Amino acid sequence: MAAHAHNSNQDVWPELPLEAWQDTYATLHMWTQIVGKVRLALSPRVNHWWEVPLYVSARGLTTSAIPYGDAIFEIQFDFIEHELVMQTSWGASKTMELKPRSVAEFYAEFMSALRSLGIEVKISTMPCEVPNPVRFERDMQHASYDREYAHRLWEILVLCDTIFKEFRAGFIGKDSPVHFFWGSFDLCVTRFSGRRAPERAGADSITREAYSHEVISSGFWPGGGDVKGAAFYAYAAPEPPGFAEEKVKPAAAFYHHGMKEFLLMYDDVRLAASPREALLSFLESTYEAGANLARWERKELERA
């Protein structure tokens, strides 16, 4: 295991072809939303919705500690044993198998398991940030779970989480944790200039809170729409003039005008001589492009 963990060979970065696991991806997206909404419902409000995400763990994705009365509980997707594990500070626990099943069946069993632990919670059952959403209790369409690809996704998230945290460490201004947003199904880290951003015309309350201040954000996303594969992304909000024309690294990175983000396809990182160096060059160069154009006070925000 130690040799595997420190191996810089590209084989450490597994393939994740979108067409091979898109049904599992769609189902797992809904399952993470169900679990994430429990954390959202019971957690104190934090700036920029930081009470919402999940976190990469040594076995999968976790809510971390969720307050419940004077106690706490935690929910973890275990992508090694392929279980959903619910553990409480009062000693009770429940486990569900992760297997092919509909979102409706998963939702019903999960909520029943929480009630059996003495946890009463109501969540909105309408999925977020997906086209044509179907309420969880009615969703019989999404019912796939391929263990191999769920495990591969987690392996990639572990690799990204480690490198994102290395990148994060160079910034001493306000920045987010490295966290997994279940709405958009991406792992991200966000840096802040410290300045308020202009109001976005017509923005809903979620967007207003997320982008209340100037940010440069980077992350990993499994893909979708016209992005036909997993990709790393970076964007500035608000986007400074000239950002789209900046030359960033590595050479395979490009600006997607529809998404208004720089993208670097996952396979270009996976197949690089050094995936770590390729990814760090993308994170650093896109940040520098945005911070310089937006005139961030970089000397005050970066570790000397």
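Colleague: In strand 4, which residue is the bridge partner of T62?

Modeller: This is a predicted model, and in it T62 has Q76 of strand 4 as its bridge partner. That pair belongs to the contact between strand 2 (residues 60–62) and strand 4, which run antiparallel and are joined by three bridges.

Colleague: Which residue in strand 4 stands opposite I66?

Modeller: I66 stands opposite F73. Strand 3 (residues 66–68) pairs with strand 4 over three bridges, in the antiparallel sense. Two residues lie between the strands in this hairpin, and one to look at is G69, with a positive phi near 65 degrees.

Colleague: How many bridges join strand 4 to strand 5?

Modeller: Six bridges join strand 4 to strand 5 (residues 83–88), and the two run antiparallel. For F77, the partner in strand 5 is L84. The hairpin of strand 4 and strand 5 has four residues between the strands, and H82 takes a positive phi near 60 degrees there.

Colleague: How should I think about side chains along a strand?

Modeller: In a regular strand, side chains alternate between the two faces of the sheet.

Colleague: Is strand 4 largely enclosed or open, and why?

Modeller: Strand 4 covers residues 71–78, and six of its eight residues are buried, so the rest of the structure largely encloses it.

Colleague: What is the cut-off for calling a residue buried or exposed?

Modeller: Buried means under 20% relative accessible area, and exposed means over 50%. W49 is buried, because its relative accessible area is 16%. R295 is exposed, because its relative accessible area is 65%.

Colleague: Where are W49 and R295 in the chain?

Modeller: W49 is in the loop between helix 2 and strand 1 (55–56). R295 is in the loop between helix 7 (275–293) and helix 8 (298–301).

Colleague: Which peptide bond at P238 is cis, and which at P250?

Modeller: To read this, look at omega. The bond from A237 to P238 is cis, with omega near -5 degrees. The bond joining K249 and P250 is also cis, with omega about -10 degrees. P238 is in the loop between strand 10 and strand 11 (254–256), and P250 is found in the loop between strand 10 and strand 11 too.

Colleague: Is F232 buried or exposed?

Modeller: F232, in strand 10, is buried, because its relative accessible area is 0%. Apart from residues up to four places away in sequence, F232 touches a set of residues including W13, C160, F164, F220, F262 and F282.

Colleague: Where is T125, and which residues does T125 touch?

Modeller: T125 is in the loop between helix 3 (103–116) and helix 4 (147–168). T125 counts as buried, because its relative accessibility is 9%. Leaving out residues up to four places away in sequence, T125 touches Y107, V134, R135, F136 and E137.

Colleague: What is the volume of the largest pocket, and which residues are closest to its centre?

Modeller: The volume is about 1,400 Å³. There are 48 lining residues, and the closest to the centre are C128, E129, G183, S184 and F185. By class, the lining has 29 nonpolar, twelve polar and seven charged residues.

Colleague: Which helix gives the most to the lining of the largest pocket?

Modeller: Helix 2 gives the most, with seven residues. Among the other elements that each supply at least two residues are strand 8 (186–196), helix 5 (205–210) and strand 9 (213–221).

Colleague: What is the mean pLDDT of the protein, and over which residues does pLDDT stay under 50?

Modeller: The mean is 95, and 96% of the residues reach 70 or more. Over residues 1–10 pLDDT stays under 50, and the model has five contacts for them beyond four places in sequence.

Colleague: What should I do with a stretch of low pLDDT?

Modeller: Where pLDDT is low, the predicted coordinates should not be read in detail.

Methods:
Residues numbered from 1 in each chain as written. Predicted model: local features only at pLDDT ≥ 70, side-chain atom pairs only at ≥ 80, totals over all residues. Heavy atoms only, no water. 1 Å grid on protein atoms, 1.4 Å probe; cavity = no way out; pocket = protein on both sides within 12 Å on 5 of 7 lines; lining within 4 Å. Points joined across faces, edges and corners; volume = space filled by probe spheres on them. Nonpolar A, V, L, I, M, F, W, Y, C, P; charged D, E, K, R; others polar. Buried < 20%, exposed > 50% of the residue type's maximum accessible area, 1.4 Å probe, protein only. Contact = heavy atoms within 4.5 Å. pLDDT = per-residue confidence, 0-100. Pairing = 2+ DSSP bridges.
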